[in-house]
Amino acid sequence: MNLYKSIDISNYLPSLQKSLTRKVGSQRFPKNQETIDALKIKDIYNTQSKNRTYFLHRLENHNNSEKVDIDNSPTITIEHIFPQNPDVKWKTDIGSGDYTYIENNYLHTIANLTLSGNNGALSNKTFIEKRDLEEKGYKESRLWLNKKLASYEKWGREQIEDRFQLISERFLDIWKIPSVELTEDIENEEINIFDIEDATSRKLEYAIFFGKKIQVKHMSKLYTEIIGKLFELEPSIFFDSKLGSKIILVPKEEQDSLRNAGKINDDYFVETNITNNDKLKKIKQALELLKLEDELFIKYSPSLEEQSEMMI
């Protein structure tokens with residue numbers, strides 16, 4: 001749905017929020033846990049400078065009456081708590097297991113980053129040295145991002161994940177998911193197939209695959225149409241993976257072995273004597289395998305009640 005057309009200029013913000021939260025497929029508004037899971041492993045350090053500065057500025061200054069002007073400060077810079085080039089003592093202090101794990105997974109993530117006006121002095125020192133450095137260590141800092149660091153006795157995987165939990169709570173308080181009531185029936189729109197959980201209730205009006213409309217009214221027809229198009233697109237994957245056996249794909253000469261044979265092309269058939277929800281599940285499995293999760297949308301036919309309302 002075109003975003004511009006969905007905006008009510010007399011009620012701008014709520015209508016924009018509603019439109020964003022109703023999007024599906026690749027444009028779908030992420031849930032809180034999805035966002036936090038992505039943030040946990042996101043390389044914040046190597047993002048665009050302006051985005052990184054904005055992000056850290058909002059984190060640091062949220063509900064802070066003593067604002068820190070990160071963007072215009074000549075001294076405050078980003079500090080890696082576990083350094084990019086650690087002193088050899090780090091491996092002794094936290095163990096080789098945590099050392100390697102942090103280096104490979106958390107080095108540039110938000111949980112291992114902070115702000116400091118004394119980056120040069122802290123450098124690659126051990127955590128305790130950074131924490132306790134006179135007048136320059138984390139214990140002496142007035143920044144929110146450093147407060148929790150003053151309480152840790154070491155900086156290992158457990159501490160990083162604990163600090164991330166604190167940061168993630170603050171993140172969700174700053175960037176809240178819009179709270180809007182979706183009173184309209186989203187089933188009257190084109191819906192990504194992965195946003196459908198139950199395929200038993202409604203007839204289809206049409207489907208859209210790779211941007212082209214397919215006239216189908218029932219899930220059985222959609223099933224054979226999509227499996228057929230995917231087979232045409234990449235037949236080898238049906239035989240090189242377990243997909244062929246999952247959908248019970250057989251050549252034409254063996255179609256009598258199926259309880260209800262559905263034709264996908266002139267040479268192959270699939271079993272269609274399964275529930276609509278099973279057909280939905282198998283379509284999703286095939287799309288996932290071919291990495292085409294954002295290519296299939298369906299539109300439901302209006303219900304009888306909706307048809308009556310349209311005639312009024």
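## Terms and basis of the model

Contact here means heavy atoms within 4.5 Å, and helices (H or I, at least four residues) and strands (E, at least two) are DSSP runs numbered from the N terminus. The structure is a predicted model, in which local features need pLDDT of at least 70 and side-chain atom pairs count only at pLDDT 80 or more, while totals for chains, interfaces and linings use all residues. Residues are numbered from 1 along each chain as its sequence is written, and side-chain values use heavy atoms, with hydrogens and water left out.

## Overall composition

The protein chain contains 15 helices and nine strands. Of its 312 residues, 39% count as buried, where buried means under 20% relative accessible area, exposed means over 50%, and partly exposed lies in between (1.4 Å probe, protein chains only). Among the contacts in the protein chain with a separation of 6 or more, 64% are accounted for by residues 24 or more positions apart.

## The pairing of helix 11 and helix 14

Met219, Ser220, Leu222, Tyr223, Ile226, Ile227 and Leu230 of helix 11 meet Asn276, Lys279, Lys282, Ile283, Ala286 and Leu287 of helix 14. The residues of this contact divide into nine nonpolar, two polar and two charged, with Ala, Val, Leu, Ile, Met, Phe, Trp, Tyr, Cys and Pro taken as nonpolar, Asp, Glu, Lys and Arg as charged, and the others, Gly among them, as polar.

The axes of helix 11 (residues 219–233) and helix 14 (residues 276–289) come within 10 Å and cross at roughly 20°; axes are lines fitted to C-alpha atoms, for helices over the stretch in contact, and angles run from 0 to 180 degrees between N-to-C directions. The two helices are therefore roughly parallel to each other, a label for angles under 35 degrees. Helix 11 passes helix 14 in a left-handed crossing, meaning that the near helix is turned anticlockwise from the far one by less than a right angle.

## Two nonpolar cores

A nonpolar core is a set of buried Ala, Val, Leu, Ile, Met, Phe, Trp, Tyr and Cys residues joined through side-chain atoms within 4.5 Å. The largest has 36 residues, and those with the most contacts inside it are Leu39, Phe82, Ile110, Leu115, Phe127 and Trp155. Several elements each supply at least two residues of this core, including helix 3 (32–41), helix 4 (49–61), strand 2 (113–116) and helix 10 (157–174), and helix 10 gives the most, with five residues.

Not counting residues up to four places away in sequence, tryptophan 155 touches a set of residues that includes Phe82, Trp90, Phe127, Leu149 and Arg163.

Threonine 109, in the loop between helix 6 and strand 2, counts as buried at 2% relative accessibility. Leaving aside neighbours within four places in sequence, threonine 109 is in contact with Lys40, Ile41 and Lys42.

Asparagine 146 lies in helix 9 and is buried, with a relative accessible area of 1%. With residues up to four places away in sequence not counted, asparagine 146 touches Thr114, Leu115, Tyr138 and Ser141.

Most residues other than glycine have a negative phi. Isoleucine 248, although not a glycine, has a positive phi of about 55°; this residue is found in the loop between helix 13 (243–246) and strand 6 (249–251) and is partly exposed, with a relative accessible area of 39%. Lysine 291, also not a glycine, has a positive phi of about 55°, is found in the loop between helix 14 and strand 9 (296–300), and counts as exposed at 68% relative accessibility.

Notes:
Angles under 35 degrees count as roughly parallel, over 145 as roughly antiparallel, 65 to 115 as roughly perpendicular and the rest as oblique.
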